[in-house]
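Please open the model in a viewer and keep the selection panel at hand. The stops below state what to select and what is to be found there.

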Amino acid sequence: MTRTTPWLFLAPALVLFAAFKFTPMWRAIEMSFHEVRPYLGDRWVGWANYQQVATDEDFLAAIGQTIVLALGQTAGSIIIGLALALLLEGSARQLWIVRTAVFLPTVAAMAVVAEVWRILYYPAPDGTMNTILGWLGAGPSQFLNGEDSSLLSVMAVGIWRGAPYDMMIFLAGLAGVDRTLYEASAADGAGIFRRIWHVTLPSLRPVFAILFTLAAIRGLRVFTEVFLLTNGGPNGSTEVLMTLIYKLGLERGELGVAAAGSMILLLATVLLTLAVQFSRARGQKR
Amino acid sequence: MRAGRAEALETALGLHTLRSRWARLGKWVLYGLLVMVFAGPLLALLVSSFTRVTDPTSLTLWPSEPTLDNFRAAFERDVLLYLGNSFIVVGGGLLLQIAVSISAAYALARKKFPGLRLVFLLILSTMMLPEEVLAIPLSLVLSDLNLVGSLFGMIIPVGAWAFSVLVMAEFMKEIPMELEEAARLDGAGDLRIFWSVVLPLCRPALGVIGIFGFTMIWDQYLLPLLVATDAQQFTLPLALRTLRSDEEVGIGVLLASALLAMLPSVIAFIAMQRQFMRGLTSGAVKG
């Protein structure tokens with residue numbers, strides 16, 4: 001083996017990661033401090049782009065809505081995912097089929113999911129979701145078309161697609177729970193609720209940590225579902241950071257401001273991930 | 001009660017120990033409801049796309065007057081071209097991604113060299129880097145490389161995918177070094193060892209990164225959106241939005257196209273479910 005052998009095997013990956021991950025990363029940092037002017041050359045503006053992001057009303061609204069959406073989707077997916085996992089745990093073949101069916105929203109392309117939900121959400125009184133709301137004695141709602149209901153409607157689609165994913169991770173965690181603890185708690189005469197509270201949930205602690213980490217990385221960057229379901233509308237009520245950045249950067253050509261927005265998003269993601277990892281490490285020590 | 005006690009408590013809720021007829025009926029009603037909530041909308045898409053649709057406001061779960069008209073109309077709208085583009089992108093992208101990942105993983109898992117940890121860390125760090133965050137500068141890089149307006153622009157960037165490198169590297173670490181040394185004594189070079197000793201043993205991991213890469217590339221939206229300059233380069237998921245907003249097209253075409261965009265990843269998932277689940281848990285554990 002020569003000294004260059006490992007580098008030859010690594011070369012394709014290094015080239016691609018450099019070109020499509022690290023170069024864009026560097027360009028984003030650079031652009032965020034410049035006014036980007038095609039053909040004229042970029043002009044150094046210091047923190048001005050960041051200042052604009054931090055004071056612009058649209059940006060502040062988008063940041064707020066991104067956080068609400070991320071928190072709502074994370075909490076909803078984890079709670080419903082846990083419920084699904086508890087209900088569908090087991091080795092019976094019928095259960096396996098039910099789990100597969102429930103998991104389908106996660107594998108279907110987001111673009112497909114968005115089109116299906118746009119139809120289900122059709123805001124007429126006889127639209128599918130309004131009919132179902134009617135059975136429950138509620139509605140009708142404007143769903144994606146109403147300023148009050150649009151963000152919640154987008155969130156519901158995210159939970160619908162995210163909960164089955166969380167379910168699968170929980171199921172993997174449940175498989176690792178020590179069975180003798182169940183037997184012991186049954187022998188102690190503990191009911192279902194005490195068993196879940198004292199045995200199952202504590203054993204799932206690492207799973208919660210994983211799901212929070214994933215949520216931190218994925219939650220803030222939401223783009224495709226919002227872009228396809230509402231594209232930020234109506235009247236900006238579902239605008240999130242990424243849809244705003246996309247519009248600024250690619251439709252209005254304000255690349256510097258868009259880059260500053262991206263950097264803030266990245267910083268928030270990294271901080272959140274580290275915070276989750278940190279609290280996880282501390283939790284393990286105890 | 002005695003029977004219930006004898007049966008091992010193998011799940012948290014212990015639903016499988018339910019004995020009363022009503023409780024078991026209730027359990028299956030609940031399961032049916034869950035399937036309806038999560039799979040129902042996609043099933044409705046399947047049924048509706050084969051139905052003569054007059055009402056643009058709702059999907060149907062009950063087939064009536066089955067027809068292929070929606071698909072015929074969709075094919076007149078170039079949907080086959082979009083589907084073909086999607087398959088080119090997913091085929092090319094996946095091949096590149098696998099080739100790049102296994103080659104990098106071999107160096108990272110089986111070799112010791114200065115800089116190993118740094119390279120590993122750099123690749124790992126991109127998992128924390130949401131691709132959406134890089135979208136704007138990535139579009140500039142793509143145009144510098146003349147990749148905008150070409151399917152290559154959707155294929156080449158997906159070659160850099162840390163998840164696959166990581167899964168392969170973890171797996172390759174487990175392969176005993178003795179096998180490699182034996183082959184080396186027989187005079188095999190690195191390429192031979194990589195190709196005919198290590199890779200054949202990695203088949204399970206190849207399945208994992210294959211199915212994961214497939215669904216990930218099929219689901220790509222932002223990258224094709226940045227790259228496509230003309231409908232000629234649309235992938236099928238990308239085309240749905242234009243089909244939707246085309247007044248003349250009608251909902252039938254949208255439904256047929258959406259079904260075609262859904263089936264490949266769903267079929268791939270069902271065919272390779274075990275590998276998918278393994279990837280899901282290992283990927284999640286790695287964060």
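Contact here requires that the C-beta atoms of two residues, placed from the backbone, lie within 7 Å.

Some conventions apply throughout. Residues are numbered from 1 along each chain as its sequence is written, while chains are lettered from A and ligands numbered from 1 in the order in which they are written. As the model is predicted, local features need pLDDT of at least 70 and side-chain atom pairs count only at pLDDT 80 or more, whereas totals for chains, interfaces and linings use all residues. Helices (H or I, at least four residues) and strands (E, at least two) are DSSP runs, numbered from the N terminus.

Now show the axes of α4(B) and α8 (residues 162–173) of chain B, which come within 8 Å and cross at roughly 45 degrees. Axes are lines fitted to C-alpha atoms, for helices over the stretch in contact, and angles run from 0 to 180 degrees between N-to-C directions. The angle makes α4(B) oblique to α8(B); angles under 35 degrees count as roughly parallel, over 145 as roughly antiparallel, 65 to 115 as roughly perpendicular and the rest as oblique. The crossing of α4(B) past α8(B) is right-handed. A crossing takes that name if the near helix is turned clockwise from the far one by less than a right angle, and is left-handed if the turn is anticlockwise.

**Between the chains**

Next, select helix α4 (residues 93–107) of chain A together with helix α2 (residues 21–49) of chain B. Their axes are 8 Å apart, and the packing angle is about 35 degrees. Here α4(A) passes α2(B) in a left-handed crossing. To see the contact itself, display A:V98, A:A101, A:V102, A:L104 and A:P105 on α4(A), against B:Y31, B:L34, B:V35, B:F38, B:A39 and B:L42 on α2(B). By class, this contact has eleven nonpolar residues, no polar and no charged ones.

**Domains of chain B**

Colour chain B by its domain assignment: domain 1 (2–67) and domain 2 (73–286). Such bounds come from an automatic or database domain assignment. The centres of the two domains of chain B, taken over C-alpha atoms, are separated by 33 Å. Seven residues of domain 1 are in contact with seven residues of domain 2. The side of domain 1 that touches domain 2 has five nonpolar, two polar and no charged residues.

B:N146 is exposed, with 10 other C-beta atoms within 10 Å. A residue is buried if 20 or more other C-beta atoms, placed from the backbone, lie within 10 Å of its own, exposed if 12 or fewer, and partly exposed in between.

**Chain A**

Turn to chain A, with 13 helices and two strands. Its C-alpha trace spans about 75 × 70 × 35 Å along the principal axes, and 49% of its 286 residues count as buried.

Select helix α6 (residues 128–135) of chain A, where A:T128, A:M129 and A:N130 are the buried residues. Their cover includes α5 (110–120) of chain A. Just after α6(A), A:G137 takes a positive phi of about 75 degrees.

Finish in the loop between α11 (224–229) and α12 (241–251) of chain A, the place of A:P234. A cis peptide bond joins A:G233 and A:P234, with omega about -10 degrees. A:N235 is found in the loop between α11 and α12 of chain A, and has a positive phi of about 55 degrees although it is not a glycine. With 9 C-beta neighbours inside 10 Å, A:N235 counts as exposed.

Key: Nonpolar A, V, L, I, M, F, W, Y, C, P; charged D, E, K, R; others polar.
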